[in-house]
Amino acid sequence: MKTISKRGIFLWLLCILFTAGIVILTVSFVNHGSEWAMKRYNKHMYHNGELIGAGTIYDCDGVELAKTVDGERVYNENRQIRKGTLHIVGDKTNFISTGVQSVYDSKLTGYNLMFGVYNLKRYGKGNDLKLTIDSEICAEAYNALDGRKGTIGVVNYKTGDIICCTSYPSFDVNNMPDDINTNEEYEGVYINRLLSARYVPGSTFKIVTAICAIENMPDVFERTWDCSGAFKPKKGVEIICNADHGHKVDFKTALAQSCNSAFAQIAIELGEEKLNATAKELGIGSAIKISGDINCYPGKFALKSNAADDILGWTGIGQGDTRMAPITMLRIVSAIANGGTAVSFNVVDGLASQAGKKLNITLPTNKTQMMSPETAATIKSMLRYNIEEQYGEYNYKGLKLCAKSGTAQIDQYDEHNIAWFTGFMDDESCPYAFVVAIENGNSGSLTAGPVANRVMQAVAKKYRK
């Protein structure tokens, strides 16, 4: 009897272990089935390491950007469109991690828990994905970069729909360069610079410092600061200005003329606690996800307690250890344009089955109040003043831009820099914000400004109602 009892217990243990194994396998299958199906050794999905089994990707106008034909992935026939949309569509090998072909691979293949990739095998194609991206504007942006490393982003600041996401260097997916991994020209080619670059923000960061001042210095518009071409804090190294702006530089003029001396003094007075709080409110250092799934570089901003005056000053003018992806700056100016509210950014418009039936896809619709409507209105008027009094309305005819330029030094002893220009159209019929960042671009207003004008003129021509 004891032997039978022991055998019974042993059999029960086997049954429990078997059941537990089935449960673990089922849970793993539910959670990771799509990942297993998308492995490169799956011949339904890949051939020679290149994605072949996926549905069609369309732009906002229904233009085909990528599709599968006879077991081969085929891209748009226009070379400039292929290059201009590369970093948002993705490459054949999925090396570009931010491309929708990589992020939405399981949705594009039509994978589901019940049938796996059976429908792909049956129909020869996956689900179709429509984007908010405008391939025509992306091609225009790619041409405007003119072979210079950098990025251009354009978004509807009311809806959060991104219509332009162009990054350079790029390449033609139909003609992959043989030296892509050795030629310096293609350094960082798989990086979407709009979403993932870690740039010094330069004087565009003065927008952040200005917002902090508006919120924490009640008399800021009655104050003036001295600039003799440089500012020497009580402790630390001298902060060089871009010009000698003279005595009694007011707040509005300081932003328009991008006076380092004035903004360094303002930053020192504000202190690390208030600057840290404002940076956090504006999302610097926080994760941004496009369409809820595409990861962006969150940025870096962290002033330590009792930071030296020169550190505070350099940080307040956008130098020092601060790092930002252009998408973060685009989100900040979008919030300013939208009365202080930042909406979720998105590149996906819809998903449809092989038979053309619309499929459910969850997209975020979050809204974040980054600043009060009053603060947003104040900084908007200052950015508008920049165009009218500093950059010249004639350089941006008909756009009614509000903007800020920046020339960010990568190293204070290095001639290399990042040329920035960011802002938005103050136009209810054409609510678009933009960011341009060009590496080794010399001057923000003189290099990135004309690029922004060219792209935004194309946007206004097509989208203004």
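The axes of helix H9 (residues 206-216) and H11 come within 8 Å and cross at roughly 80°. On the H9 side, the contact (heavy atoms within 4.5 Å) involves residues including Val208, Ile211 and Cys212, and on the H11 side residues including Phe263, Ile266 and Leu270. The residues of this H9–H11 contact split into 10 nonpolar, four polar and four charged; Ala, Val, Leu, Ile, Met, Phe, Trp, Tyr, Cys and Pro count as nonpolar, Asp, Glu, Lys and Arg as charged, and the others, Gly among them, as polar.

All of this comes from a predicted model, where local features need pLDDT of at least 70, side-chain atom pairs count only at pLDDT 80 or more, and totals for chains, interfaces and linings use all residues. Residues are numbered from 1 along each chain as its sequence is written, and side-chain values use heavy atoms, with hydrogens and water left out.

Helix H11 (residues 260-281) has 22 residues, yet its end C-alpha atoms are only 23 Å apart, short of the 32 Å a straight helix would reach at 1.5 Å a residue (the expected span is 1.5 Å times one less than the number of residues). A kink of about 100° is centred on Gly271, the bend being the angle between axes fitted to the seven residues ending at a residue and the seven starting there.

Ser258, in the loop between helix H10 (251-256) and H11, has a positive phi of about 55° although it is not a glycine. Just after H11, Gly283 takes a positive phi of about 85°. Elsewhere, the peptide bond from Tyr168 to Pro169 is cis, with omega near 15°, and Pro169 lies in the loop between strand E8 (162-168) and helix H8 (193-196). For context, most residues other than glycine have a negative phi, and most peptide bonds are trans.

Conventions:
Helix = DSSP H or I, 4+ residues; strand = E, 2+ residues; numbered from the N terminus. Axes fitted to C-alpha atoms, helices over the stretch in contact; angles between N-to-C directions.
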